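Subject: Structure handover

Hello,

Here is the structure for you to take over. My notes on it follow below.

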Amino acid sequence: HSYDLIVSSLPLNAFLPEMTQAVIDRLIDLARPGAYLSFFEYRVLQGMMPLIMPQKKLEQFYSSRAIIEKFLQQYKVDEAVVKLNIPPAVVHYLRIDKT
């Protein structure tokens, strides 16, 4: 199956880099050309990670972040900050153009 719209609440920041890449690849595979994809993350947590994570986990976190950032750079069309959410969330809107 392929989809015109995909909404994900998977915690991409919490996955090991290999899983982050596998999930993103699968989402792209599931999307029809021109499909829209949306996911959210808690941006405030990103700033806290260096304070609470051991070095090895922090390195994995930064590797996953790099994968997510590349995904966003390639496909992102908009984002919205939901300030009333606790903690505040950022919703990313992407258009999966496979050309």
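Strands S3 and S4 run antiparallel and are joined by six bridges. Keep in mind throughout that this is a predicted model. Within that pairing, Asp78 has Tyr93 of S4 as its bridge partner. S3 and S4 form a hairpin, and six residues lie between them. Pro87 is in this loop between S3 and S4, and the peptide bond that joins Ile86 to Pro87 is cis, with omega at about -5 degrees.

S2 and S4 pair in the antiparallel sense, over seven bridges. Two of the residue pairs are Tyr36 with Arg95 of S4 and Glu41 with Val90 of S4. How much of S4 is buried? Six of its eight residues are, so S4 is largely enclosed by the rest of the structure.

S2 also pairs with S1 (residues 3–8), this time in parallel, through five bridges. Tyr3 stands opposite Ala31 in S2, and Ser8 has Phe39 in S2 as its bridge partner. With helix H1 included, S1, H1 and S2 make a β-α-β unit, which is right-handed.

Two residues from this part of the chain are worth a note. Asp29 is in helix H1. Its relative accessible area is 51%, and the cut-off for exposed is over 50%, so Asp29 counts as exposed. Asp29 and Tyr3 are 26 residues apart in sequence, while their C-alpha atoms are 9.4 Å apart in space. Leu16 belongs to the loop between S1 and H1. Leu16 has a relative accessible area of 43% and is therefore partly exposed, as that class runs between 20% and 50%.

Ser63 is 47 residues from Leu16 in sequence, and the C-alpha to C-alpha distance between the two is 8.2 Å.

H3 itself covers residues 55–75, which makes 21 residues. From its first C-alpha to its last it reaches 30 Å, close to the 30 Å expected at 1.5 Å a residue. The buried residues of H3 are Leu58, Phe61, Ser64, Arg65, Ile67, Ile68, Phe71, Leu72 and Tyr75. An α-helix has 3.6 residues a turn, so residues three or four places apart point the same way. That is the pattern to have in mind when reading the list, which includes Leu58, Phe61, Ser64 and Ile68.

On the H2 side, Met49 is a residue to look at, as it is placed in helix H2. Is Met49 buried or exposed? At 14% relative accessibility it counts as buried, because the cut-off for buried is under 20%. Leaving aside neighbours within four places in sequence, Met49 is in contact with Leu58 and Phe61, and both of these are among the buried residues of H3. By contrast, Met49 and Asp25 are 24 residues apart along the chain, and their C-alpha atoms are separated by 25 Å.

The largest pocket holds about 180 Å³ of space. It is lined by 14 residues, and the closest to its centre are Pro11, Asn13, Glu41, Tyr42 and Leu45. S2 and H2 are the elements that give two or more residues to this lining. H2 gives the most, with three residues. Glu41, one of the residues closest to the pocket centre, is also the bridge partner of Val90 in S4.

In short, for when you open the file: S4 pairs antiparallel with S3 and with S2, and S1 runs parallel to S2. The cis peptide bond is at Ile86 and Pro87, and the lining of the largest pocket draws on S2 and H2.

Regards

Key:
Residues numbered from 1 in each chain as written. Predicted model: local features only at pLDDT ≥ 70, side-chain atom pairs only at ≥ 80, totals over all residues. Heavy atoms only, no water. Helix = DSSP H or I, 4+ residues; strand = E, 2+ residues; numbered from the N terminus. Expected span 1.5 Å × (residues − 1). Buried < 20%, exposed > 50% of the residue type's maximum accessible area, 1.4 Å probe, protein only. Pairing = 2+ DSSP bridges. Right-handed = clockwise from strand over helix to strand, strands pointing away. 1 Å grid on protein atoms, 1.4 Å probe; cavity = no way out; pocket = protein on both sides within 12 Å on 5 of 7 lines; lining within 4 Å. Points joined across faces, edges and corners; volume = space filled by probe spheres on them. Contact = heavy atoms within 4.5 Å.
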